[in-house]
Amino acid sequence: MNAFYSLIFVFALVLIALFGVGAAHLSYFFGVILPLAAVIVFIVGIVLKVLGWGKSAVPFRIPTTGGQQQSLDWIKQNKWDNPSTASQTFIRMVFEVLFFRSLFRNTSVSLRNEDGVPVVAYSSAKWLWLFALMFHYSFLIIVLRHLRLFMDPVPFFVPVLDFMDGILQIGAPRLYMSDLLIVVGLSFLLLRRLVVPIFRYISNAADYFPLLLILGIALSGIYMRYFGKVDVIAIKELTMGLVTLSPKVPAGIDASFYVHIALVSTLLIYFPFSKLMHMGGVFLSPTRNMPNNTRIVHHENPWNPDVKPHSYEAYEDDFREHMIEAGLPVEKQA
Amino acid sequence: MADFKTKPDELYKSIDHTPPKAGWMDVPAQFRPGNWCYPAKPEVLDYIGFPNGRKWSPADEDWKLPENWKDIIHQGFRERLEKFRSLKIFMDVCVRCGACADKCHYFIGSGDPKNMPVLRAELLRSVYRKDFTTAGKILGKLNGARVLEEDVLKEWFLYFYQCTECRRCSLFCPYGIDTAEITMMARELLNLVGCNINWIQEPVANCQRTGNHLGIQPHAFKDIVDFMVDDIEEVTGKRIHVPMNEKGHEILFITPSGDVFADPGIYTFMGYLMLFDAIGLDYTMSTYASEGGNFGLFTDNVVAKKLNAKMYAEAKRLGVKWILGGECGHMWRVINQYMDTFNGPPDFLQMPKSPITGTVFKNAASTKMVHITEFTADLIKHRKLKLDPSRNDHFTVTFHDSCNPARGMGLLEEPRYVIKNVCNNFYEMPAQTIREQTFCCAGGAGLGTDEFMDMRMRGGLPRGNALRYVRDKYGVNRMACICAIDRATLVPLADYWANGVDISGIHELVGNALILDGEKEREVDLRQEPLPGKEG
């Protein structure tokens, strides 16, 4: 049901854009106002969210340790899974953010019965890691490729990326591998939620919606490039107009572009208010971005409450006679 | 295990990981015998100054909540979002990828989808979205938000007291979302309206007054230690002296009171005493700080700080140079990640240095507290101990990494090094069940109580099954661990899932192997069972 609602909503967005531009002639709204507003919401939303996180205190240093601690000199520390310095922690974060280190650990459990013996078995389950990585990196490459529409001159790495992405030299226009892989990645992420019962059980509309939305963005983009073969020169005129804040809407841009940009705008607006903020949150996660060195270096709790233990004096007052009788030393004789 | 009758085979067959038809928000919490712990007694809550002490039962319809309980929770939630960035981040960033789902021992053994860490956290998150986010306020259920009703609070109580804060899920989470942290926050909120369990609050009250969870008073504590000294004499022929509450020694030794109280922890305790005697350590114990563990951690950060403060207070009073800590799990989470922040840095102490080997424990430079397996491993490495590992030849040993030293510290090699030097037969359990991936005993974080036995045995399945595997494959008959809660909870777990395996601390094995100067020829081990070759 959650998936269905999300699908309906994405379709509605597509139709609104098609209708808006086609019948209601709102191309200025969809081509200029909506994307500019979306960018503002995106940036302001993210900044506010991150500031909100930053405002909260970090009272304790609580890394989840994933390997051997720093210990005696002859015991080898697992520096990247259990860092004790800032630079080791930085490397842990690099592995986490760029290579999804923790997800790489994933296993899958199964309960079996082998000749009457219960066997709880664990198998490696790297599919989620693989397809998640595929999706995220494809998305990143696609975003970077799009810089050619927003910068003039185009930065040096964009044509390089373009070339590498299309290196298979299939078709005309050349097929980008990232276009293919993002659809494969998204489809996997979507299907596992739909097919595996426990993942379907935990999935909210908020889980299907971004997947379907991004799939819609990818498919509309693919349509524009390979099938609609839209007028890129005109589109660049529009996008450069947005960047330079001198908006104009050239004639002859295909409606599919407005669908694409409406979906992208929706994503930008939705982003700061949703789980997509995991992009920022991963950097601030206290179980990953802190070294395991609280025994070595003091960590200050900004709101450390002023509490004292039940004092030794009160304890001795309570038990003095028994202590003397048992031959335990006391501070004050009875 | 009075009321718990389900046989292991029946329990195993009953596990079904298929989620129900109804969405999780539409399935109310079900309290059945064995899946919840008894609530805290009113006099206990009154003693520690917690609100809403009353007689009640989770199985009742009416929980006798304060009239304005929703406001109390809302304000408490708001305050904690400001105080703990972890909470705010963990409420916001989960993508429900499900990588954590089958990592929880309670989910594996119960199949209850709300034991998947992701849903356990959603219980709290759903309320967070409704109360603190724009999208949740507008979109409601569509965005996974819901209003805090009494049924939701009941769910919180059930499932946040079905989490042992073991952090296994946190290891696998791509954003490091730590359910232990979420459970701690939820329990703090539940405390505000008087919904807590006696197995946690009573030890807290005991610890406050007597210095230990079990409520052992100073003279009784000394008696118990004297009994153990007698037992050591019986086994070794040697009478050893245990300094108590004495000033002017170099080291204060603190261990969980479980080690003083019950079989098999007491044998580990004897092992410590023998070790200290063998190396002539200048140390004292304390009856005032006679608890290494800290059930405050399972309650509230302020209580945890308050109980922990006794360690430094006593170290200062007695004038020691540094503190040595015994084998305990959550105790070391506190010492390694909280103690210095709670009550440190202790400038009156000195950099810990082994008086025997001269090794400086640089990894305890600020907190000034060293783990006993770090200390013993260093002694062995420098060949300062005379050991006869063959005295443990009647054991085939495996090692259970306790959750907190594994995932809140990284104490993995030290205990293994000690075991391998005092035992000749050592085998590891499967890789996915040890070290940082270790499984909980299912009785940690204050849930090791008998009325919770059904869930304990369910949650104990992953550990028990791995143990059964090495029992059948290598003939393992002894599982060593470095946690006092383990030493209490793994015994019924092993009886249930891997019958025939005994549980011990590491220093029990050290005590068996250790050759004391002037000891008699030993016939029996610390449990007074015949040594190999001395059976007749």
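This is a predicted model: local features need pLDDT of at least 70, side-chain atom pairs count only at pLDDT 80 or more; totals for chains, interfaces and linings use all residues.
**View 1. The contact between chain A and chain B.** Let's start with the whole interface: chain A brings 94 residues to the contact, and chain B brings 119 residues. Together the two chains bury about 9100 Å², with carbon and sulfur atoms giving 59% of that area. Look out for A:Y122, A:Y201 and A:R295, which supply 11% of the area that chain A buries against chain B, more than any other three residues.

**View 2. Polar contacts and salt bridges between the chains.** Here we turn to the polar side of the contact. There are 70 residue pairs in polar contact between chain A and chain B, counting residues at pLDDT 80 or more. Eight salt bridges are also counted between the two chains. One that you can pick out joins A:D73 to B:K362, with the closest N and O atoms 3.6 Å apart. On the side of chain A that touches chain B, the residues divide into 45 nonpolar, 32 polar and 17 charged.

View 3. To find A:N292, follow chain A into the loop between α12 (278-284) and α13 (312-325). A:N292 counts as buried because its relative accessibility is 8%, under the 20% cut-off. Its side chain makes a polar contact of 3.0 Å with the side chain of B:N336. Leaving aside residues up to four places away in sequence, A:N292 touches A:P63, A:T65, A:Q69, A:N82, A:P83 and A:S84 in chain A, along with B:N336, B:Q337, B:G408 and B:M409 in chain B.

Methods. Residues are numbered from 1 along each chain as its sequence is written. Chains are lettered from A and ligands numbered from 1 in the order in which they are written. Side-chain values use heavy atoms; hydrogens and water are left out. Contact means heavy atoms within 4.5 Å. Buried area is the accessible area (1.4 Å probe) that two parts lose on being put together, summed over both. A salt bridge is a side-chain nitrogen of Lys or Arg within 4 Å of a carboxyl oxygen of Asp or Glu. A polar contact is a pair of N or O atoms within 3.5 Å; within protein, one must be able to donate a hydrogen and the other to accept it, and residues adjacent in sequence count only if both atoms are side-chain atoms. Ala, Val, Leu, Ile, Met, Phe, Trp, Tyr, Cys and Pro count as nonpolar, Asp, Glu, Lys and Arg as charged, and the others, Gly among them, as polar. Helices (H or I, at least four residues) and strands (E, at least two) are DSSP runs, numbered from the N terminus. Buried means under 20% relative accessible area, exposed over 50%, partly exposed in between (1.4 Å probe, protein chains only).
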